[in-house]
Amino acid sequence: AYARAPVAGIAARTYMVLANAGDANGAAQLADKWNAAHPKDVTLRVASAQMSQVRKDIPRAIAQYRAALEVDPDNVQVLNNLAWLLQQQGGQDAAARDYAERAYRSQPLNPSVMDTLALTLLKSGDKARGTQLLRMASNLDPRNSDIRLHLVQALSTSGDKSGARREAEPLLKLAPSATARVEAEKVLSTL
């Protein structure tokens, strides 16, 4: 399909197939060729960053997201993912917060963007705004167990034990092995 119609979507799928099949060299060659021929397109830079993120190659993912931002500095997905990775890494809190704020200014009602910004704020000590954003994100996407867990953790850290318990209730109805449930139970055991 790629040979007949070399378009961004098919190139990205071909890249993913090669990478998932263990052909890292073939995937890299395809990405390099695509990026050279289409310098204004970030499709394969983002696909490469996402694949690196899944494979826990965080330095490569960060580098790919930064390369994508050079081409498309207002790409919300890239800003958000880069902010998330940087805040998880630690030591790059100012950069993480800057990227998260930029994503939030672009999409202020996107729960995932709100979640990322909230976590960067909490990490930098702005508990009030971080918790407020998590409440809003959880209200916008009440079935997102990761966002709800982050809210439970923020409420617990800020000393709002009853709020943490209340927000944890839906998580305690998840399957016993669900990560969000296990983490919520850990938080509740410390209250």
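Among contacts in the protein chain (heavy atoms within 4.5 Å) between residues at least 6 apart in sequence, 44% join residues at least 24 apart. The model is a predicted one, in which local features need pLDDT of at least 70 and side-chain atom pairs count only at pLDDT 80 or more, while totals for chains, interfaces and linings use all residues. Residues are numbered from 1 along each chain as its sequence is written, and side-chain values use heavy atoms, with hydrogens and water left out.

## Overall architecture

The secondary structure of the protein chain comes to eleven helices and zero strands, where helices (H or I, at least four residues) and strands (E, at least two) are DSSP runs numbered from the N terminus. Read along the sequence, the pattern is therefore α-α-α-α-α-α-α-α-α-α-α. The C-alpha trace spans about 60 × 35 × 30 Å along its principal axes. Of the 191 residues in the protein chain, 41% are buried; buried means under 20% relative accessible area, exposed over 50%, and partly exposed in between, with a 1.4 Å probe and protein chains only.

## Helix H8 and its surroundings

Helix H8 covers residues 127-140, and its 14 residues reach 20 Å from the first C-alpha to the last, close to the 20 Å expected at 1.5 Å a residue; the expected span is 1.5 Å times one less than the number of residues. Gly130, Thr131, Leu133, Leu134, Ala137 and Ser138 are buried in H8. These residues cover an arc of only 160° around the axis, which puts them on the same side of H8, the arc being that of the directions from the helix axis to the C-beta atoms. The buried residues of H8 pack against helix H6 (93-106), H7, H9 and helix H10 (161-168), whereas the face turned away from the buried side carries the exposed residues Ala128 and Asn139.

Met136 also lies in helix H8, and with a relative accessible area of 32% Met136 is partly exposed. Not counting residues up to four places away in sequence, Met136 touches Tyr104 and Met114. Val17, in contrast, is 119 residues from Met136 in sequence and 37 Å from Met136 in space, C-alpha to C-alpha.

Leu109 has its place in the loop between H6 and H7. Leaving aside neighbours within four places in sequence, Leu109 is in contact with Met114 and Leu140; the C-alpha atoms of Leu109 and Leu140 are separated by 7.9 Å, although these residues are 31 residues apart along the chain.

## The largest pocket

The largest pocket has a volume of about 240 Å³. On a 1 Å grid over the protein atoms alone, a cavity is a set of points where a 1.4 Å probe fits but cannot get out, whereas a pocket is an open set with protein on both sides within 12 Å along at least five of seven lines, and lining residues have an atom within 4 Å of a point. Grid points are joined across faces, edges and corners, and the volume is the space filled by probe spheres set on the points.

The lining of the largest pocket consists of 13 residues, of which Asn80, Trp84, Ser112, Asp115 and Thr116 lie nearest its centre. Helix H5 (76-89), helix H7 (111-123) and helix H9 (145-157) are the elements that give two or more residues to this lining, and the largest share, five residues, comes from H5. By class, the lining has four nonpolar, seven polar and two charged residues; Ala, Val, Leu, Ile, Met, Phe, Trp, Tyr, Cys and Pro count as nonpolar, Asp, Glu, Lys and Arg as charged, and the others, Gly among them, as polar.

Thr116 is found in helix H7 and is buried, with a relative accessible area of 3%. Not counting residues up to four places away in sequence, Thr116 touches Asn80, Ala83, Trp84 and Ala100.

## Further individual residues

| Residue | Relative accessibility | Class |
|---|---|---|
| Lys56 | 67% | exposed |
| Leu109 | 63% | exposed |
| Ser162 | 46% | partly exposed |
| Arg181 | 19% | buried |

Lys56 lies in the loop between helix H3 (43-54) and helix H4 (58-71), and has a positive phi of about 65° although it is not a glycine. Ser162 is found in helix H10, and the C-alpha atoms of Ser162 and Leu191, 29 residues apart along the chain, are separated by 9.1 Å. Arg181 is found in helix H11 (residues 179-189), and, leaving aside neighbours within four places in sequence, Arg181 is in contact with Leu171, Leu172, Leu174, Ala175 and Pro176.
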